[in-house]
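Hello,

Here is the structure you are taking over. My notes on it follow below.

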Amino acid sequence: MKNKITFDLLSEDRIKSMLHTKFLAQKIYAFWSVGSTNEFAYRRALLGEKEGTLVIAEEQTRGRGRKSRSWDSPFTKGLWFSLILRPDLPASKAGLVPYLAGVSVAEAIENYLNLKPSLKWPNDLLLTDKKFCGILSEVEFMNGKIHFIILGIGINVNHKVHDFPEQYRNQATSLRIEVDKRIDRADLLVQILSYIENNYLLINNFEEILSKWKKRCPKFGEEISVIQEGEKYDGLFEEIDNEGFMLLRLKSGIIKKIVAGDILF
Ligand code: BTN
């Protein structure tokens, strides 16, 4: 067991020795096990922890997903991490950061593994129509501005099919399943951090990020069905507005703003 995991450990030293970034992950909290990296990062950010701080864990015991769902984060199988960001943006722009994250993870994986992940609104990454990555950003506001954003990213990396509970096997995948080889998580992590850092420098040029996002979203510009607060809406996925909300053109011609929905396949 020991030999099996040591080469791939996400220790602070190992990550630092491979890192290419200038401001992301200059400070690292690396845990063997933690409740939720988002929860830990949020508490540190409230105490003034600096921008770029990385919180990462081999396992999360209370991993959080969107809409109060849980996020399965088994020991050494994936990348479960959070970044503390302090963008100089008005509160209304907070919803744009997950797009930046989705694009960055997709670009890194394409470059590193020669795979072409697609994006599913609002912020899932898919391969062969199955989810392998989820993004949860949690925002703290102060005086009408963003005080900080905790950008949480969960990636299924080295799961084999039987590592997923049976009921999820037709909707979840891992990078290992897709490329049929074990992946060095630290190596992948530092690639992802470089892409996030480079795209983060474009934060004020959001059109560019959104245009990259739309190109990777096969449902953009298509007829879709969305569930929001128990209501189902059918329409054309027409646009993403300048705060990151989906604009859905209903059959009636009316534009419906979707703030917290899920697309149905
Ligand atoms: C989703 O698709 O519902 C979002 C999942 C986000 C999971 C990540 S794992 C690292 C970070 N810490 C958490 O508790 N959640 C996010």
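Asp 241 counts as buried, because its relative accessibility is 13% and buried means under 20% relative accessible area, exposed over 50% and partly exposed in between, with a 1.4 Å probe and protein chains only. This is a predicted model, in which local features need pLDDT of at least 70 and side-chain atom pairs count only at pLDDT 80 or more, while totals for chains, interfaces and linings use all residues. Residues are numbered from 1 along each chain as its sequence is written, and side-chain values use heavy atoms, with hydrogens and water left out.

Asp 241 sits in the loop between strand E9 (231-240) and strand E10 (246-250); helices (H or I, at least four residues) and strands (E, at least two) are DSSP runs numbered from the N terminus. The side chain of Asp 241 reaches the backbone nitrogen of Glu 243 at 2.9 Å. Such a polar contact is a pair of N or O atoms within 3.5 Å; within protein, one must be able to donate a hydrogen and the other to accept it, and residues adjacent in sequence count only if both atoms are side-chain atoms.

Asp 180, in the loop between helix H5 (175-179) and helix H6 (185-200), is exposed, with a relative accessible area of 69%. Ser 137 belongs to strand E6 and is partly exposed at 22%.

Now the ligand. It is surrounded by 20 residues, the closest being Ser 36, Gln 60, Arg 64, Arg 66 and Lys 131; a residue is near a molecule if one of its heavy atoms lies within 4 Å of it. By class, the shell around the ligand has 6 nonpolar, 10 polar and 4 charged residues. Here Ala, Val, Leu, Ile, Met, Phe, Trp, Tyr, Cys and Pro count as nonpolar, Asp, Glu, Lys and Arg as charged, and the others, Gly among them, as polar.

Helix H3 (37-46), strand E3 (78-85), strand E6 (130-142) and strand E7 (145-156) each supply at least two residues of that shell. E6 gives the most, with 4 residues.

- A polar side-chain atom of Lys 131 is 2.6 Å from an oxygen atom of the ligand.
- A backbone N or O atom of Arg 66 is 2.7 Å from an oxygen atom of the ligand.
- An N or O atom in the side chain of Gln 60 is 2.9 Å from a nitrogen atom of the ligand.

Of the 420 Å² of accessible area that the ligand has on its own, the protein covers 99%, by the Shrake-Rupley method with a 1.4 Å probe.

Regards
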